[in-house]
Amino acid sequence: MVVLDKTEREIIKLLQKDGRMSFVDMAEQIGVTEGTIRRKFYRLLEEGIIKIAAVTDPFEVGFNAPAIIGLNVDQSRIREIVEKLTRLPRVHYVAMTTGIYDIIVYAFFSDNREMASFLLEELSQIEGITNTQTSLVLDIYKQDFAIGLPQRQEEGRRRRRRSLPAT
């Protein structure tokens, strides 16, 4: 269980607006000491509540064939499949879903040949994948990872585990 206090929630909100904001500036805006910000920031980071990263436009850095791949899988092997997918270097997002696909994967490739190689040589080697549907991303109109925070404190109390339910 993770409970965020008001200061921690404010730190997250400020960082989502400006990921490079200094501890001094955050302290000034929130009304606490710089030491408090530093201590709480590192707690949030160490507990995996926040991650600090540079978000790039894949097209601008040479990934001209980003793709969204929907997978249907043998449900009895889902843990094994997810584990293998998360280890693939071109895969940057793996999520279990409801609906048409069991798993959605976002992967980034420099060109169609690299994507074809991935699909035919890497993805096809993972046992338990029964069907795939690949959609090539033509353009990105919004790429925003500042998800905000729940409106009520109660909504943010329980920390989700990143493991899958027992089968």
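User: I'm new here, so how many helices and strands are in the chain?
Analyst: Let's walk along the chain, which is a predicted model. From the N terminus on, the elements run α-α-α-β-α-β-β-α-β. Tally them up and you get five helices and four strands.

User: What share of the chain's residues counts as buried?
Analyst: The cut-off for buried is under 20% relative accessible area. The chain has 167 residues, and the share that falls under the buried label is 29%.

User: Which elements give two or more residues to the largest nonpolar core?
Analyst: That core has 20 residues, and those with the most contacts inside it are Leu-71, Leu-85, Ile-103, Val-105 and Leu-123. As general background, nonpolar side chains in soluble globular proteins tend to be buried together. The elements you asked for are strand 1 (67-73), helix 4 (78-86), strand 3 (103-107) and helix 5 (112-122).

User: Which residues does Leu-123 contact, leaving aside its neighbours within four places in sequence?
Analyst: Leu-123 is one of the residues with the most contacts inside the largest core. With those sequence neighbours left out, its contacts are Ile-69, Leu-71, Leu-85, Phe-118, Ile-129 and Thr-132.

User: How do helix 1 and helix 2 pack, and at what angle?
Analyst: Helix 2 covers residues 23-30, and its axis lies 10 Å from that of helix 1. The crossing is right-handed. The pair counts as oblique, with an angle of about 125°.

User: Is Leu-14 buried or exposed?
Analyst: Leu-14 is found in helix 1. Not counting residues up to four places away in sequence, Leu-14 touches Met-21, Met-26, Gln-29 and Ile-30. Its relative accessibility is 9%, and buried means under 20%, so Leu-14 counts as buried.

User: How far apart in space are Glu-10 and Gln-29, C-alpha to C-alpha?
Analyst: Glu-10 has its place in helix 1, and its relative accessibility of 26% makes it partly exposed. Glu-10 and Gln-29 are 19 residues apart in sequence, but C-alpha to C-alpha they are 9.1 Å apart.

User: Is helix 2 roughly parallel or roughly perpendicular to helix 3?
Analyst: The two axes come within 8 Å and cross at roughly 110°. Helix 2 contributes Phe-23, Val-24, Met-26, Ala-27 and Ile-30 to the contact, and helix 3 contributes Glu-34, Ile-37, Arg-38, Phe-41 and Tyr-42. Angles of 65 to 115 degrees fall in one class, so helix 2 is roughly perpendicular to helix 3.

User: Which parts does the salt bridge between Glu-8 and Arg-43 tie together?
Analyst: The side chains meet at 2.6 Å, N to O. Glu-8 is buried at 3% relative accessible area, whereas Arg-43 is partly exposed at 25%. The two residues are 35 apart in sequence, so the bridge ties together helix 1 (residues 6-17) and helix 3 (residues 34-46).

User: Which residue meets Arg-43 in a salt bridge at 3.0 Å?
Analyst: Arg-43 also bridges to Glu-8. The partner you want is partly exposed, with 31% relative accessibility, and its name is Glu-47.

User: How many salt bridges does the count come to?
Analyst: One of them joins Lys-13 and Glu-10 at 3.6 Å, two residues of helix 1 that lie three residues apart, about one turn of the helix. Elsewhere, Arg-77, Glu-80, Lys-84 and Glu-127 are linked in a network. The count comes to ten.

How values were computed
Residues are numbered from 1 along each chain as its sequence is written. This is a predicted model: local features need pLDDT of at least 70, side-chain atom pairs count only at pLDDT 80 or more; totals for chains, interfaces and linings use all residues. Side-chain values use heavy atoms; hydrogens and water are left out. A salt bridge is a side-chain nitrogen of Lys or Arg within 4 Å of a carboxyl oxygen of Asp or Glu. Buried means under 20% relative accessible area, exposed over 50%, partly exposed in between (1.4 Å probe, protein chains only). A nonpolar core is a set of buried Ala, Val, Leu, Ile, Met, Phe, Trp, Tyr and Cys residues joined through side-chain atoms within 4.5 Å. Contact means heavy atoms within 4.5 Å. Axes are lines fitted to C-alpha atoms, for helices over the stretch in contact, and angles run from 0 to 180 degrees between N-to-C directions. Angles under 35 degrees count as roughly parallel, over 145 as roughly antiparallel, 65 to 115 as roughly perpendicular and the rest as oblique. A crossing is left-handed if the near helix is turned anticlockwise from the far one by less than a right angle, and right-handed if clockwise.
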